[in-house]
Amino acid sequence: MTKLVIVESPTKAKTIRGFLPKDYQVKASMGHVRDLPASASEVPAKIKGEPWARLGVNVENDFEPHYVISRGKKKTVDELKKLLKDADELILATDEDREGESIGWHLSEVLNPKVPVRRMVFHEITREAIQEALNNTRNLDENLIRAQETRRILDRLVGYTVSPLLWKKIAPKLSAGRVQSVAVRLLVLRERERRAFKSGAYWDLKAFLNKRPDQPDHRFEAQLVSVGGVRVASGRDFDENTGKVAEGKEVLLLNQTEAEKLRDRLLNGDWRVAGIESREATRAPYPPFTTSTLQQEANRKLGMGAKETMRVAQKLYENGHITYMRTDSVHLSDQAINAARRRVTEMYGQEYLHKTPRRYETKSQNAQEAHEAIRPAGDQMLPAEQLPISGQEQRLYDLIWKRTVATQMANANLRFTTVTLEVADAVFRASGREVLFAGFFRAYVEGSDDPEAALESQEAPLPKLSVDEIVACRDLEAVGHETKPPARYTEATLVKALEAEGIGRPSTYAAIIDTIQARGYVFKQRRELVPTFTAFAVTQLLEDHFNDLVDMKFTANMENDLDEIALGNLAWLTYLRRFFLGQEGLESQVKEKEAGIDPRIVGAVELADFPFEVRIGQFGPFIAKEENGERITAGLPADLPPADLTNEKAEQLLSQKADAPKPLGKHPESELDIFLKQGPYGPYVQMGDDEGNGKKPKRVSLLKGMEPDDVDFDLALRLLSLPRKLGAHPETGKSVSASVGRFGPYVVHDGVYASIKAPDNVLEIELPRALELLAQKKAGGGKSKSVLKELGEHPDGGAVQVLDGRYGPYVKHGRINATLPKDVEPQSVTLEQALQWIAEKAASKPKKKTTRRKKKS
């Protein structure tokens, strides 16, 4: 008999297998094996007639959830059941947080084992940790399970109760969520602040000085501080709502002319050192990483999003390189502290080691995740270059390693010097920074959310100066400034804000950010997270009618209540009843308020001091205005930030719509007008008018590299000629065509596609060249045959690969192909990810219908 150990992923299974005795069989469940029904098609026939079937939770029967085996997981469950028949013990070794406890419980419920069941938990995958966990197993934690189940039911109640209301009142396919709606509101509030912001202008002077004219190495800079005893205005003196100096501020506001006159007056004056102040300061290392701080730093320093950070960290953990990556604890074990201190001595020297072991305490009273910070696993604290990792894994591991090692290094010592200089009636100030002892800066310096801020380790020393010393001014520059609106959130700053507000938990941040982008509430502009006009409308409705759902404190209290359930201090059923049922419960609130919510009102987006109407329509947001008794509308570009919609921009969009494009000419065959138009996704040519009869005129987007100014009548005709018939294939007699698809230009024959790459042109390619491309494709020279990465063996046998195809990269096993998500790099795909996508693809394929021929009577 064997002992069956179940983990979530094949990578984790492979790593753990090497640390267990031979009679232990380790298998992967591929994550959750069951959940609430995800769609109507997953609702079992026996409950389809129930009023709560769509919800998946029988509210009237004490919120009893109805679980179903997740799509694509039946084969996995059957395999685990088969293996369990030959086992004398079941060990659930899923992750140690609430999510892992829940996965373990669901496995236990589905498999219904007749043998003893043990729960095995560990926060790192090393031989020592696995052996210790095996010797200290426990039972499943009912409180953790209840807390996670309550969270899941709560999310379902909110989503499935409020989302249908949004469909009816604003637009189809919208969604509300217990945490996502609050995150969206944070972004909307910031965008409102940016819209309301009024910029202020001010000028000052920057002096470029030398200690002595003949010593160019002794250069430094100074800023104008005051003139005639009055402080010169700076950005902090302005009222962001008026763009003017705030009331009560006694400052000198300079304009360009005044600043330039002052410059001319001071340039050739005597610059005297009036005062010198110097102070020393120490900096202590930052605590080791938690989930949120890792996501923030990976975004600042590596440009990685929260989702990508967690994916890479998961792989590092499962391969035994770091400790568990979902945690809000900053505690380091004695093993980790000792290993870090050894590394400091070896790599930096004894003088860089802190005198005593430095320990950190978790400030959060509700830390419910893993009990140790994220750090390199084991007791060796190996640098990244000594591990078999590369790419993003190496970069993220290096970040974790440096942060951990730095915790045991000596403080950094700095000296800050401020020099006051006087010239005529003006006062300038120069600031210097010196690193006296680098300490932990040698290993790690935290990034900044302000791209213009200097890192703490950067030096900007001043030359040695003395009071009454005369210095030389080699240049004096008048500098204009404009106050800036509050910065939009990045992934790093949003995670920081969510954590500060107590919204969500470490394990949910990446999913929250991913969800609000996928649902169309947010788009990325460089690194900024920008809320859409739809986000404005939904947030506005929730604020007006269901404010608790987007209230920061209310949502934070919900998280605390879930933590209390996990600790066994709060009854889960009592909590759900209070939230959902009764006169003040969500169910009643939605029913009562639905009739009073007017779609014409909530479909309008309120923008302060904006004379145009903004609405959410069937095809997205648009603006409208009344002119001469006629209503003029124009669609809003999908990538236009709400704060950037000015009156001028609105007039431009409306005038573009009102000024119908003039035809380039008439098509020689159809005699329809040909137009060059601008759409939300770029310019295109169109044959015929928009007749509004449900039939769309033929449209072709401009090819890559084409500009609207390049398009004349002849080029428009050539574009509209696509797809072009090039002739018959000499072997089959079937047609060969050239056209443009979602992924670029191509030639096609009998279902075989070959991409057209430069210097070939889809408008000029002829049959002989097309036949060459098709022959290369058929012979295996085409892109679709390119193997980008070998992932390993499928549990059912056969290779799993990442390939590059005509429609982009995909994973393949046997006859099953699954396209990679857009945000996933082919080289970063793991075997467990591929197996998940392949399983989902296999489950989604419709079964072939068969018909039986009736016997003739």
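1. Leaving aside its neighbours within four places in sequence, which residues is L645 in contact with? Look for R195, F533, L607, F610, V614, I623, L636, L640 and A650. Please keep in mind as you explore that this is a predicted model.

2. Now step back to the wider setting of that residue. L645 belongs to the largest nonpolar core, which has 160 residues. Together with F63, I170 and L396, L645 touches the most other members of this core. The element that gives the most to the core is helix 5, residues 142-169, with 10 residues. As background, nonpolar side chains tend to be buried together in soluble globular proteins.

3. Next, have a look at helix 1, which spans residues 10-17. The buried ones are P10, T11, K12, A13, T15 and I16.

4. Aromatic rings deserve a point of their own. The whole structure holds 12 aromatic pairs. One of them joins Y286 and Y444 edge-to-face, with 6.1 Å from centre to centre and 75° between the planes. Y286 sits in the loop between strand 14 (271-283) and helix 8 (291-302), while Y444 sits in the loop between strand 16 (426-437) and strand 17 (470-482), so this pair ties together parts that are 158 residues apart in sequence. Y286 and Y444 are both buried.

5. Stay with Y444 for a moment, and find F289. These two residues, F289 and Y444, also make an edge-to-face pair, at 6.3 Å centre to centre and with 85° between the planes. F289 is in the loop between strand 14 and helix 8, and Y444 is in the loop between strand 16 and strand 17, so the pair links parts 155 residues apart in sequence. Both partners, F289 and Y444, are buried. If you colour the rings, you can pick out one aromatic cluster formed by Y286, F289, F440, F441 and Y444.

6. R34 lies over the face of W105, 5.4 Å from the ring centre. R190 lies over the face of Y489, and here the distance to the ring centre is 4.4 Å.

Technical notes
Residues are numbered from 1 along each chain as its sequence is written. This is a predicted model: local features need pLDDT of at least 70, side-chain atom pairs count only at pLDDT 80 or more; totals for chains, interfaces and linings use all residues. Side-chain values use heavy atoms; hydrogens and water are left out. A nonpolar core is a set of buried Ala, Val, Leu, Ile, Met, Phe, Trp, Tyr and Cys residues joined through side-chain atoms within 4.5 Å. Buried means under 20% relative accessible area, exposed over 50%, partly exposed in between (1.4 Å probe, protein chains only). Helices (H or I, at least four residues) and strands (E, at least two) are DSSP runs, numbered from the N terminus. Contact means heavy atoms within 4.5 Å. Rings of Phe, Tyr and Trp (its six-membered ring) pair if their centres lie within 6.5 Å; planes under 30 degrees apart count as stacked, over 60 as edge-to-face and the rest as tilted. A charge sits over a ring if NZ of Lys or CZ of Arg is within 6 Å of the ring centre and within 35 degrees of the ring normal.
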